[in-house]
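Hi everyone, thanks for making time.

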Amino acid sequence: MSAMGAMTDQVLAVPSQGGVGVWWWWAFIPSAALTLLLAAAIGWLFYRGVGVWGIGYPVAWGFAIINYVWWIGIASGGTFISAFFFLLRAEWRASLSRIAETMTLFAAACAAIYPILHLGRPWLFYWLLPYPDSMGLWPQFRSPLLWDFYAIVTYVIGSLLFWYFGMIPDLASLRDAARGRARRLIFALLSLGFRGSARQWRDYHASYGVLAAVMAPLVISVHSIVGLDFAGGQTPGWHSTHFPPFFVFGAVLSGFAMVLLLTVPLRRLLGFEAYITDRHFDVLARLLLTSSLCIAYAYAIEAFFVFYGGEAAERSQFLGRLRGTVYWGTILCNVLAPQFFWSRRLRLRPTWLVGVSLLVLAGMWLERFGIVVAVLRHTRIPSAWGGYHPSFWDWATFLGTIGLFCMGILLFLRFLPALSMFETRELLAKGRRA
Amino acid sequence: MIVARFSREGDFSAAVRSLPGDRIESFTPYPVESEESPRQPPVPLIALAAGLVGFAASLSLQIYADTVAYPLNIGGRPLNSWPAFIPTAFENGMLAAVLAGFLWFVARMASDDAPHVGGAMRDGYFIVLHPSERARALLCEAGAELTELPP
């Protein structure tokens, strides 16, 4: 049998015949339990209102915004790998793109839940859309918070279409391998009748290029606008022009960390050693290191602006953060931990990759905790300084979205091809020609 | 119709070059670049146009809302504060471009009547062509497996 045929059969074995390992159930059951916890937390929130969270005065933005920024940052990883490196013709992206894009889709979905939840009156979220309403009101188009709504809507729709579009030829393979009329019909519809003719490939390739060319600047704009959500406020610690690139760097760092965290175990569990190789880990670890250096630069600029600007409230706020553990935890996880990857030996060690990725994800969460809580707690007027204690329902919602994310990834692995088969075929053919 | 199956890309490409006239369509498990370069699909221009229209429509709506429909005097600042409208207009334009690129492909697929050749989405390279003795001889020589399809 040809290498291409063997690869196709291996990738299709799980979605078309079932046969996932026991590990799948061991991962699925806790994820589903956490998703149920999320449902309960949302139900209770809708019943009682945002008072069930730990927010209040002066910290009115708590876990909802921290977790929103954390998830949307993680989502960037898949778009970077799929769209940027497609435009750069980096052939190593082929075996990572599907897992990375799926990661993006579910991370963006988890992120999109939070702004709705934190509205207070979530059933009125449609007021954010401009429509000719009987009150004669319009949305405040000058507010970064409204820009953010459009950015997120565009990013979620774009990520979904990009993910689906990249899968169309593989859905056609799934249709051809399907047993049973119903399954064949479903995949025939999903693959839009794709047959691999020269004309279809030409159209497909051209459209995919367009989608990639749109997604690449889109991901930068989304994280810049998330940064502007903060920079638009007059709050010391937020009101700074370096926020948009700072947020892009942080997003990319956490995105690459999550891609590593998923691919290291999945490569072994799915038996993809032949397609996801040491070369891929090496590239991802280098990208992690590069984005860590970018974020180190952003932290340095943040500190520089505080003292260069010379405003007393900014200085007092920043010095207050320096006395806490959150700031130094952020530096340790995001700046120092990835420096191990200067060593090629460590870049190829799965335990180090997983360990550093976990530290980076924790560090990026701490960074957002610092930006949201440490800043709001310590504003201009000392009499308004206060504290913040997340409640049980804050933690339940946060853990619940982690469960939702894992459950989404697991369902994807069970029902859809986890490797971009047509791009891998191209690589296999190129390898044979060379 | 004759369906010729090749198991190597090289044999397939050589056969495509040797019988340009009688070919109906070819099927491959991944995009294979052919030397003949037909017209490039117009989708980049369509997406660009949709993006520009989306951007312009969004910008106009925001200017209308903030100057005509709901003017709000904020410390005497200009009502048409267009720089603040750019991010939303950009996002809306991008959404229009993504949707246009996607829908163009869906429309192209809807108007496609290519025959279904089993195996093209796994590991086979196929040429479908009108039966003729010359084609049969050429394909056999090139190492293809031939099957006949009812027209």
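Predicted model: local features only at pLDDT ≥ 70, side-chain atom pairs only at ≥ 80, totals over all residues.

Okay, let's begin with chain B.

Now let's look at a pair of helices in chain B. H2(B) covers residues 43–69 and H3(B) covers residues 86–110; their axes come within 7 Å and cross at roughly 145°. And the hand of that crossing? Right-handed, for H2(B) and H3(B).

Who meets whom there? On the H2(B) side you'll find, among others, Val43(B), Ile46(B), Ala47(B), Phe55(B) and Gln62(B), and they're up against a set in H3(B) including Thr88(B), Phe90(B), Met94(B), Leu95(B) and Trp104(B). Sorted by class, this contact between H2(B) and H3(B) has 16 nonpolar and eight polar residues, with no charged ones.

Next up, how do the two chains touch? There are 49 residues of chain B in contact with 47 residues of chain A. On the chain B side, strand E2 (23–27), H2 and H3 each bring at least two residues to that surface. H3(B) gives the largest share, 16 residues. If you go by class, the side of chain B that touches chain A has 29 nonpolar, 12 polar and eight charged residues.

Let's hop over to chain A, where I've picked another helix pair. Helix H9(A), residues 278–309, and helix H11(A), residues 325–336, have axes that come within 8 Å, crossing at roughly 145°. From H9(A) we get Ser292(A), Ile295(A), Ala296(A) and Tyr299(A), and they meet Ile331(A), Asn334(A) and Val335(A) in H11(A). The tally for H9(A) with H11(A) is five nonpolar, two polar and no charged residues.

One last stop: Arg344(A), which sits in helix H12 of chain A, residues 344–347. Is Arg344(A) buried or exposed? Arg344(A) has 11 other C-beta atoms within 10 Å, so it counts as exposed, the cut-off for that being 12 or fewer.

Methods: Residues numbered from 1 in each chain as written. Chains lettered and ligands numbered in written order. Axes fitted to C-alpha atoms, helices over the stretch in contact; angles between N-to-C directions. Helix = DSSP H or I, 4+ residues; strand = E, 2+ residues; numbered from the N terminus. Left-handed = near helix turned anticlockwise from the far one by under 90°. Contact = placed C-beta atoms within 7 Å. Nonpolar A, V, L, I, M, F, W, Y, C, P; charged D, E, K, R; others polar. Buried ≥ 20, exposed ≤ 12 C-beta atoms within 10 Å, placed from the backbone.
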